[in-house]
Structures are given as C-alpha cells and as structure tokens.
Amino acid sequence: GQILRVHIDDGADVVKGQTLFTIDPEPFRIALDRAEAQLARDKALRQKADNDVARYATLVDKEYVTREQYESAVSEAASQAAMIQADEATAQDARLSLSYCTITAPISGRAGAVNLRAGNLVKVNDDPPLVTILKVRPVYVTFSVPEKHLADVRKHAAEGKLEVQWV
C-alpha cells in the first residue's frame, strides 16, 4: 500500500510499540467489508439450506419428494457450511491485512535512516527495509576467560563491578 504518514525522523529514539508508519488502510477496509458481506450472504443461504433439509426430511418419509431431492438438499447445506468456513477465513485474512497498515516498533532503540517517505508505495518483503532500529541499551554478553587469567578476574570482581573493554 501507499505510505500515508511517517511518524519518525532519521536517528530518532523509539520505544517498543510506538507507531512508525501508517499505510493507507482504505483498500484493506474495503476488502474486509466485502469479506464480511459475503459471509453474511452465505450464512443466510446456509439458513435456507438447513430449512430445506428439515422440510425435505419430513416429506421424504411421506414420499412427497424423492430421496435424491432430499440428498441434494443435505449436500447443499454441507456446501454452504464449507462456504461459511472459507468466508470466515477470508474475513480473518482481511482483518490481518488491515492490522498491518499501522507499523509499530518491535523493540526500543534508535531509528536509522528512514528509507521511504509519505507517498511511497510499500510491499511485502520490500528491499530496502522501511527503517532499521538499532538497540542501544547494553546487551547481555557471555564469554569465556582463559584459566591463567581467572585469578585476576576474581580479584577485580571482588573489588567491584567489572567493565568490558574492546581491545
């Protein structure tokens, strides 16, 4: 979709959950409305098919309708049930697509260069990414220490907090 608004600047500090970009939701809202309308239509058809099955069940016992007509009504009801499942999946997919119109920060950090601006078209797995967020808080790191230096490390650890220096 088309980017409507960029909510951050290059190099801005961002927090997890902060809105970064807004993509035009209208096409996705229309798709959701269409899917929900199709679902409502198929639910009404399913109700009619269920009513036909109930009516034909009594009529087939009295031999007013053929067994084939009854089985056709049962088949139509089952078909409508499957259509409802497909419509529900389509509506759920449309809701998911609509939710992607607001892009939020997955982590807290500092935004790099914003690669796309309002008016640009963005698509799934686009390259380059919209923005890169760099984590600037300290990270937990583990490393091993050679045994010959372990006594020195323990001595300094007893004196206070140790700092890591890159050499």
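Colleague: Which residue in strand 6 does arginine 110 stand opposite?
Modeller: This is a predicted model, in which local features need pLDDT of at least 70 and side-chain atom pairs count only at pLDDT 80 or more, while totals for chains, interfaces and linings use all residues. Residues are numbered from 1 along each chain as its sequence is written, and side-chain values use heavy atoms, with hydrogens and water left out. Strand 5 (residues 109-111) and strand 6 run antiparallel and are joined by 2 bridges, where strands are DSSP runs (E, at least two residues), helices are runs of H or I with at least four, both numbered from the N terminus, and two strands pair if DSSP finds at least two bridges between them. The residue opposite arginine 110 in strand 6 is leucine 134.

Colleague: Which strands stand at the edges of the open sheet?
Modeller: The open sheet is formed by 3 strands with antiparallel pairing, in the order 2-5-6. Each edge strand has a single partner strand, so one side of each is left without a neighbour in the sheet, and these are strand 2 (13-14) and strand 6 (133-134).

Colleague: What is the bridge partner of threonine 19 in strand 4?
Modeller: Strand 3 (residues 19-23) is mostly covered, with 4 of its 5 residues buried, that is, under 20% relative accessible area, as against over 50% for exposed and in between for partly exposed (1.4 Å probe, protein chains only). Strand 3 pairs with strand 1 (residues 3-6) in the antiparallel sense over 3 bridges, with phenylalanine 21 as the partner of valine 6. Another 3 bridges join strand 3 to strand 4 (residues 102-104), again antiparallel, and there the partner of threonine 19 is threonine 104.

Colleague: How are helix 1 and helix 2 oriented to each other, roughly parallel or roughly antiparallel?
Modeller: The axes of helix 1 (residues 26-61) and helix 2 (residues 67-99) come within 8 Å and cross at roughly 160°. Angles under 35 degrees count as roughly parallel, over 145 as roughly antiparallel, 65 to 115 as roughly perpendicular and the rest as oblique. The two helices, helix 1 and helix 2, are therefore roughly antiparallel.

Colleague: What is the relative accessible area of aspartate 42?
Modeller: Aspartate 42 is found in helix 1. Leaving aside residues up to four places away in sequence, aspartate 42 touches Gln80, Met83, Ile84 and Asp87, contact meaning heavy atoms within 4.5 Å. Aspartate 42 is buried, and its relative accessible area is 2%.

Conventions. Axes are lines fitted to C-alpha atoms, for helices over the stretch in contact, and angles run from 0 to 180 degrees between N-to-C directions.
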